[in-house]
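Student: Could you show me how to read a structure step by step?
Tutor: Gladly; let's look at it together.

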Amino acid sequence: MTDVSLARRRNGRPSIRRAAENVVTRIIHLSGLAAVIILGAITVFLALNSVRALRDVGIFDMLAGSDWFPTSHNASYGFLPAITGSLWVTAVALVLCVPLGLAAAIYISEFAKGRIKDIAKSVIEFQAAVPSVVLGLLGIYLLVPRFRVWLGLDTGLTAFTAGILVGIMALPTLISIAEDALHAVPADLRTGSLALGNTRWQTTFKVVLPAASSGIFAAVMLALGRAIGETMVVLMLAGNAGIILATPFVSARTMPGTIAGEMAEVVQGGEHYSVLFAMALVLFVITFAVNLVADVVLERQRRRWRR
Amino acid sequence: MSRLRVKQARAIEAVAKFVTGAATLTVLSVVVFVLGFILYQGAGSISWEFLTDRPRGNMTAGGIWPALYGTMLLTFYTALFALPVGVMAGIYLAEYAKKNRLTRIMRLAIANMAGVPSIVYGLFGLAVFVLAMGLGRSVIAGSLTLACLTLPVIITATEEALNQVPRDLRQAALALGASRLSTILRVVLPAAAPGIVTGSILGLSRAAGETAPILVTAVAFYAPIPKTAFEPTMALPYHLYIMATQAPKPAPDIVWGTALVLVAGVSIINVAAATWRARQRRRIRW
C-alpha cells in the first residue's frame with residue numbers, strides 16, 4: 001500500500017492528473033466528431049445563404065430554368081445550362097477514364113509483379129498530387145488550339161476539351177480504389193480457379209472481376225463524384241457559354257465553373273450571390289449522394305470479405 | 001479439340017495482358033509527359049531573381065516571390081489548424097471508438113468529406129470564415145478553408161498509422177501502470193509518428209496546389225507580402241490561373257516557370273515523404 005501511495009506522490013497530485021486526463025480525453029472524443037460537424041456546417045451555411053434565392057427566384061425557376069443571364073437587367077437564373085454542361089463534361093470524362101482506369105487497375109492487380117507494380121502504384125498516387133490548375137494550363141496551351149483545328153470548331157474551349165482533362169484528373173481515384181477492390185478478393189478464389197485449369201485471364205474475368213464488382217462500382221461512383229466537382233479545369237477549359245448543349249463540342253457552362261468564375265465578382269448578400277450558393281448546394285447534394293452510395297457499397301463489401 | 005481451346009485461351013490471355021498493360025502504360029506516360037513538359041518549358045526561366053523578385057509590369061516581367069511566400073504561409077497555417085484536430089480525431093477512431101452507429105456515421109462523414117468539391121469548400125469558407133466570423137479575405141480564412149479540405153486525409157493517415165502499432169506495446173504500457181491516455185500519448189503516438197507525419201504531408205502538399213478554395217477566401221490578384229495573417233495574399237496556384245486566363249497573355253516563360261515551381265514544390269515534398277515512409281516501413285518491423 002505504501003509503495004503505491006509513494007509512487008502517486010512522486011507523479012504529482014493524482015486528482016489533478018486525473019482531471020487533466022479527463023479533459024484531454026473529452027477533447028479527443030469531441031475531435032472525433034469534427035468531420036460530422038463540418039459536413040453539417042457546410043449543409044447549414046449553404047442552405048442559409050441560399051434562402052434568398054429560394055424566396056426570390058424559386059426552386060423551380062432555378063432547377064428547370066433554361067436561361068442563365070445573371071447580370072442582365074431582367075436577370076434569370078436557370079441552372080439547366082450549367083447542369084447539362086456538367087453532365088457532358090462528366091460523360092466525356094467517364095468514357096475516357098473508366099475503360100482506361102479499369103484496364104490499368106486489372107493489369108496492376110492481376111498481371112504486374114514486384115517492382116513494376118510498386119512503381120506503377122506510386123506514380124499513380126503521385127498523379128493525384130498534380131494541381132488541377134496545372135493541368136488546366138496544359139489544356140489551354142496544348143489541347144485547346146489543337147482541338148479547334150482537328151475538330152473544325154470555332155473555339156477549342158469546349159465541354160469535350162474539359163472532359164478529357166477531368167477524365168485524367170479522375171484516373172488516380174478510379175485506379176487506386178478499383179485496384180484495392182481487386183486486391184481484396186480472397187486468394188483462395190484465385191488459386192481455386194487456377195487449380196481448375198483456368199488461365200490467369202479467365203480467372204480474372206470470370207472469378208475476380210465478378211467478386212470485386214461492387215468495389216469497382218464504388219470506384220466508378222467516386223470517380224464520377226470527382227469529375228462532377230472538379231473546378232479549375234472546367235473553369236479554365238469549358239468556355240462558360242450560357243446555352244443548353246446538345247453536343248459536347250461547343251462551349252459549356254458547368255456548375256463548379258459558374259460558381260468559381262462568378263463568385264468573386266458578385267455583390268455579397270445579393271440575389272446573384274445567393275443563387276450561386278443555391279447552385280453550390282445542388283452540387284453538394286449531388287456529390288454527397290454519389291459518395292454516400294459508393295461508401296455504403298464499399299463498406300458492405302469490406303464486411304463480406306472480412307468473414 | 002481441347003488442345004485448340006487451351007491455345008485459344010492462351011491467345012486471349014496474351015491479348016488481355018497486352019491491352020491492360022498498354023492502358024497502364026498510357027496512364028503512366030500521361031503523368032510522365034505532364035511532368036516532363038512542364039520541366040522542359042519552365043526550367044529555363046528559373047533563376048534566383050525569378051524566385052525572389054516581385055511581379056512587375058502587370059505580371060509580364062519580374063518574379064513570383066509574393067505568390068510563393070503566400071502559398072508557404074497558407075500551407076503553414078493549414079497545418080497549424082488541421083493537424084491537431086485531425087490527429088486527435090484519428091486517435092479517437094483508432095483507440096477509443098466503439099463499434100456502434102455513431103462511429104459508423106463518423107467514418108461515413110470522413111469518407112464523404114474527401115469527396116466534397118473544392119469549390120464547395122470555398123463557398124463554405126466564404127460564408128463561415130470570411131463573413132460570419134468576420135476574418136475577411138485573409139490568410140487565416142483561406143487556411144481554415146484548406147484545413148477543412150485536408151482534415152479527412154490527416155484523420156485517415158493517423159488512424160492507419162495507429163492501427164499498425166502492435167497491441168503488445170499498448171498492453172505492456174498498461175501493465176506497467178500507465179493510464180490509457182499516457183499510453184496513447186507517450187507510447188503509441190511516437191511509434192506511429194512517421195506514418196502520421198508523411199500522410200499529413202501528402203495531404204498538405206495537395207492543399208498547397210488547390211486554387212478553388214482560396215479563390216474567394218484568401219487571394220488577391222496583386223497584393224504585397226502580408227504583414228499579418230489577417231491580410232489577403234497572393235498564392236502560386238491562383239497566380240498561375242490568372243496568368244493562364246488573362247487576356248493579354250504574359251510572357252510564356254514566366255507562366256511555365258511558375259507552373260514548374262508549383263509542380264516541383266509539390267512533387268519534391270511528395271516524393272520525399274513517400275520515400276521516407278517506405279524506408280520507415282522497411283526499418284520498423286513489428
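Tutor: In chain B, the axes of helix H7 (residues 167–175) and helix H8 (residues 180–208) come within 10 Å and cross at roughly 155°. Axes are lines fitted to C-alpha atoms, for helices over the stretch in contact, and angles run from 0 to 180 degrees between N-to-C directions. Helices (H or I, at least four residues) and strands (E, at least two) are DSSP runs, numbered from the N terminus. This is a predicted model: local features need pLDDT of at least 70, side-chain atom pairs count only at pLDDT 80 or more, and totals for chains, interfaces and linings use all residues. Residues are numbered from 1 along each chain as its sequence is written, while chains are lettered from A and ligands numbered from 1 in the order in which they are written.

Student: How are H7(B) and H8(B) oriented to each other?

Tutor: Angles under 35 degrees count as roughly parallel, over 145 as roughly antiparallel, 65 to 115 as roughly perpendicular and the rest as oblique. H7(B) and H8(B) are therefore roughly antiparallel.

Student: Which residues of H7(B) and H8(B) meet?

Tutor: Two residues are in contact if their C-beta atoms, placed from the backbone, lie within 7 Å. From H7(B) come B:Leu169, B:Arg170, B:Ala173 and B:Leu174, which meet B:Thr183, B:Val187, B:Val188 and B:Ala191 of H8(B).

Student: What does chain B contain?

Tutor: Chain B has eleven helices and two strands. Their order from the N terminus is α-α-β-β-α-α-α-α-α-α-α-α-α.

Student: Is chain B spread out or compact?

Tutor: We can compare its radius of gyration, taken over C-alpha atoms, with the globule rule, 2.2 Å times the number of residues to the power 0.38. For chain B the radius is 24 Å, well over the 19 Å that the rule gives for 286 residues, so chain B is more spread out than a compact globule. Its C-alpha atoms fill a box of roughly 70 × 65 × 35 Å, taken along the principal axes.

Student: How many residues of chain B touch chain A?

Tutor: 70 residues of chain B are in contact with 69 residues of chain A. Helix H1 (residues 2–42) of chain B gives the largest share of chain B's side, 19 residues.

Student: Is A:Tyr77 buried or exposed?

Tutor: A residue is buried if 20 or more other C-beta atoms lie within 10 Å of its own, exposed if 12 or fewer, and partly exposed in between, with C-beta atoms placed from the backbone. A:Tyr77 has 23, so A:Tyr77 is buried.
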